[in-house]
Amino acid sequence: MRYEAPDSLEGAVALLAGARGEARVLAGGTDLLVQMRADVLDPELIVDIKKIKETRAVTEEKGGWRIGAAVTGAELKEHARLKKVWPGVVEAANLIGSTQVQGRATLGGNLCNGSPAADSVPALIAAGAVATLIGPKGKRDLPVEDVMLGPRKLALGKGEIVASFLLPPRAARSSDAYLRFIPRTEMDIAVVGAGVSLTVDGAGLITAARVSLGAVAARVLLVAEAAQAIVGSRLDAPAQERLEAAARAACRPIDDKRGTVEFRIQVAGVLARRAALIALDRARSNN
Amino acid sequence: MADNKIGAEANGHTNGHPQGFVGTRQIRPDGVDKVTGRARFGADFNLPGQLIGRVLRSPHPHARIVSIDTSKAEALPGVKAVITREDFGDQPSEFIPAGEMMMNYKDVVRNVMAREKVLYEGHAVAAVAATTTAIARRALKLIDVKYEVLPHVIDVVLAMRPDAPLLHDDLFTVGVEPKPEKPSNIAKRVEIKVGDVEAGFKKADLIVEREFKTAPVHQGYIEPHAALATVSEDGATELWTTTQGHFIVRAHCARLLGLDIGKVRVTATEIGGGFGGKTVVYLEPLAIALSRKAKRPVKMVMSREEVFKASGPTSGATVRVKLGATKDGKFVAAFAELKYQAGAFQGSPVQPGTMCAYAPYDIEHVHVIGYDVVSNRPKVAAYRAPGAPISEYAVESVVDEIAKKLRLDPIELRMMNAAHEGTKAAYGPKFGPIGLEETLNSIKKTEHWNTPLRKWQGRGVASGFWFNIGGETSVSLTVNEDGTISLMAGTPDIGGLRAALSSVAADELGVPYDKVRPIIGDTGSVSFNFLTGGSRSAFSGSMAIVEAAKQIKNELIARACKLWEAKPDQVEFKDGAVRPLGALAEKVKPMTIAEFAKISGKLGGPIGGVGRINAQGAGPSFGTHLVDLEVDPETGRTTILRYTVAQDAGRALHPAYVEGQFQGGAVQGIGWALNEEYIYGEDGKLQNAGFLDYRMPVASDVPMIDAILVEVGNPKHPYGVRGVGETPIVPPLGAIANAMENATGIRFTELAMSPPKVLKALKEQGRNKA
Amino acid sequence: MAKHHIEATVNGDAVEFLCETEDTLLDVLRDTLNLTGSKEGCASGDCGACSVMLDGRLVCSCLVLGCEVAGRKVETIEGMAKGESLHPLQQQFLKSAALQCGICTPGVLVASKALLERSPDPTETEVRYWLAGNLCRCTGYDKIVSAVMEAAATMRKG
């Protein structure tokens, strides 16, 4: 098994594109190493991207934020300004695993592991994040909701990697929130995840919203109907009910050791509502 | 501390030392090594030239082994030995005690290495020893096993059906009349009967009958099994293993490998948790067999997945309880039927489950039946008070229901029926002084009990019992030349034992605590010790120390008499010295242990004592737990808000470590009640063989656990000690189920009470709203 | 494939070692550098018994490859005590009986030290959530949490 740690995106792409056998990107390793130890994966080449500066930077760009694919959850948590603008994205990244896991886990890895239960993905999708990919054919941008196609299935070509994410500029009175359901208080994979991002006007009416649900389908969902259910409202009780119903209607979950179909559908509605209320509360106090 | 002048003083035994270390919170002697990473646990031992051993395990829950071809594995460079069933002689049927359960050598040899069949996913089929882990893992892939897959059965009720897939064609139910002609999966039927329950039920104003179901749960020790073996050409074998009973390991290994017991020397490493799960052998015989074949040391460590798939959890069970009471709350008749899964081989803890079910209560008519049933799951191993949490969960739930229906306070109801001194337990013995009522009263007096609750919060209380054991114990005390004391015990220290025993030795000999250095001796250094289990190590170890100390004191008195030309009634041993009495005191000065030690050669030789006993008189420990919890009705998620444990320790040799037992057992119970369970697919394969999906409580899941130390001395122990380690896991299941009922109005009769189950139940009643 | 030759700093000492690509930092610490204080409980990042500091960041060493630590700083439980003086956390754990079998203790101590370095006056809730990645099966966490809060108070007094 080869290990390479290139210092440029082009170098990483060349290694991955040229790999004969199975090749894997290493960022935080919190999924890759576990899968290798479990004999699920036996790559011939590991490409560590952490020496590539673009993957490790958090910078303001065009009014928005560019977050490198290999920035850890713990580092995001320590970024005071990012946390203020995108509390939902930051809290989602910091729910992954434990303090130790957050010290390594990255947004890029969390997305590219291809699990529809990934914690940071619903928050990124709700935020309208766009992934910047780089591959043998060059750079391209893809909305995050289009990157994960199914369990362990990504829209990446051979040699293509996620280099960074761009979070769009924030309108005034906007905020986001991410909630997940787990049976314990920490450490579990999300049984349901809900990310909500919204904007309110001076009168308290929601003018824009995005709602994303995780762990309730083969991919992380962007639920347009759920957003429509609350835009134009103050998230009063009827709007909340519409939101819950729309969230539930979008779910296509499975029964597994973490939850039943029935449970996931029911809780998806509850969490969408609760996340929206938190996002609204944050948005109102965000001027 | 209870004002009981029993135990030490009543036995005419004075501690000697004016301060007394027993009952204080000394720093444990093995503590510094444990907080610095220096302490050596099972996987921390290495020998030069060692090989790494790994096990090939069955992917099928039930299959006949048609053939095993190890030739390709043996040919792989770096592989030095491969073993299969061929390397173990068969064992005739013979039952032996293993902790508080019984096992059969015929089953042990088959569990350690499958013979005719594989009986669970994870069952060991072959093992290799190679120069590196990577080579060992590759070698396993080269072993070709041909299986004839058979239908499997994993549910206990289904396994009991006459048409169920049969695990053993030589298993005929013991304990039924007439003796069955056909084999089945029911290994045993046990029964206890007192009075006439049918007549008793006729006197009841209220009868509650319920059926409960629990799933297998794992002890969850953080340290996987590990063993390091080295066998010499003359068969002398040395083994380091993480175990609760190195003498038992020695016995099993000697037996399975055809060795003289004396030729096998086992060292118990520091142990990273056991809770009963490390009272049996898994890797040890394999490591020895591989080492014998390879002629090099072999080290084997289980992965976490192997721990879950191939070591024994405790039983899952179905329990039916029927309890009758008068309208005033007096229990008049009690019936229960327990069906416990043993896993692949017989030996579930259904017997202790049967014994403990109603033990906290004084009931005239009791009838409990238990079935030991095999199924295609790993062979169960003991888990802290084996069998009792399950049966007592069921009984305590029904007691709570009776309290509610009769509109009686649940503590008052238990008080009314509580076993006390003189009660004859349904399973046989008459209780001496016991502390159940004290624990109930302690709970009643707490601020916790008297704090109001809010909506969707609930409070539950439950009591529990474990009988505790004594057993064969050997300890040696050696006086070193400078008067320090070397204490060698022979029961592995799983959580503070050395601190407790050092306090006892210090008090017995009247020396400072830090002048006593304890170690756990290997099997070659100290006489036989039964394993650490049954809550016996502090109880028995301290008893044996009293004996050993007596010998030293008597020896020193004899030497003083010789030296001073005095008679025994002119001297006494007190406060660490032999002291002249009366007129003699004007002639000679007292001599300390250290002073005798300095001239030991002149007075006859080295000074020491041994205690070799079969400790009797273990007193039961009763406990009562109180829990507050809150349910989120929209998601079914439960938060434990507050938890109090009151348990009778008899006498706490080291209060902090006794509290630690209460707290640890309570949290294991919280996990068992809310989130822990083995999850199987229809294919008979375990789906959650890791800490991610086998959900044990984490630090943020639980609050502080308040521990109330009740001390109703055990008159049969010189210090009044009762074992405490196991009882703490018995009440939580009932207490939490009762609190759930209090919070939701729904009686959950199936564990774990995980969120999907709770939400479903609430939704069915249309109450899943805040 | 030839092994990687890695130079790093472990507990303040310069070390060098060889490792395969698939060897984790935990494997290297335990099997190559003979620092067996960090424990393997699960090898999947779910128990925290292997916790170490990597360039000042709390991580599970079972989730780091040995070859990733070239030129980096690793701190393990073995480096916590300074000479003959135990760290206040180590001392408090002994005083508070915050360990029973002791297998989780190295990981818990490393994690607790990381917490107190960032947050010298944590609430009970903060301590519990920070330590959620450190499984303990013996203590029920009560005395561990008390010991961390007690040690924090001691350390604040200076």
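Let's start with a hairpin. In chain B, strand 22 and strand 23 (residues 577-580) run antiparallel and pair over 4 bridges. Pairing here requires at least two DSSP bridges between the strands. Helices and strands are DSSP runs, numbered from the N terminus: helices are H or I with at least four residues, strands are E with at least two.

A word on the source. This is a predicted model: local features need pLDDT of at least 70, side-chain atom pairs count only at pLDDT 80 or more, and totals for chains, interfaces and linings use all residues. Residues are numbered from 1 along each chain as its sequence is written, chains are lettered from A and ligands numbered from 1 in the order in which they are written, and side-chain values use heavy atoms, with hydrogens and water left out.

Back to the hairpin. B:Lys574 has B:Ala577 as its bridge partner in strand 23 of chain B. Between the strands there are 2 residues, and B:Asp575 takes a positive phi near 50°. Which side chains of strand 22 (residues 571-574) of chain B are buried? B:Val571 and B:Phe573 are, and they point to one face. Buried means under 20% relative accessible area, exposed over 50%, partly exposed in between, with a 1.4 Å probe and protein chains only. In a regular strand, side chains alternate between the two faces of the sheet.

Next, aromatics. Rings of Phe, Tyr and Trp (its six-membered ring) pair if their centres lie within 6.5 Å; planes under 30 degrees apart are stacked, over 60 edge-to-face, the rest tilted. The count over all chains is 18 aromatic pairs. Take B:Phe308 and B:Tyr694: the centres are 4.9 Å apart and the planes at 45°, so this pair is tilted. B:Phe308 sits in helix 9 (residues 304-310) of chain B, and B:Tyr694 in the loop between helix 18 (655-674) and strand 28 (705-710) of chain B, so the pair ties together parts 386 residues apart in sequence. B:Phe308 is buried, at 0% relative accessible area. B:Tyr694 is buried too, at 0%.

Now a stacked pair: B:Trp466 and B:Phe467, 4.2 Å centre to centre, with 25° between the planes. B:Trp466 is buried at 0%, and B:Phe467 is buried at 15%. Ring pairs join these two to B:Tyr427, B:Phe431, B:Phe465 and B:Phe622 in a cluster.

On to helix 3 (residues 105-112) of chain B. 7 of its 8 residues are buried, so the helix is largely enclosed by the rest of the structure. Among them are B:Tyr105, B:Asp107 and B:Arg110. At the helix start, a side-chain oxygen of B:Asn104 comes within 2.9 Å of the backbone nitrogen of B:Lys106.

Over to chain A. Where is A:Thr106? In the loop between helix 6 (99-102) and helix 7 (107-112) of chain A. A:Thr106 is buried, at 5% relative accessible area. A polar atom of its side chain lies 2.9 Å from the backbone nitrogen of A:Gly109. Leaving out residues up to four places away in sequence, A:Thr106 touches A:Ala27, A:Gly28, A:Ala69, A:Ala70, A:Val71 and A:Thr72. Contact means heavy atoms within 4.5 Å.

Last stop: B:Leu56, in strand 1 (residues 51-57) of chain B. B:Leu56 is buried, at 16%. Beyond four places in sequence, its contacts include B:His123, B:Leu140 and B:Val145.

Definitions and conventions:
Polar contact = N/O pair within 3.5 Å; in protein donor to acceptor, adjacent residues only side chain to side chain.
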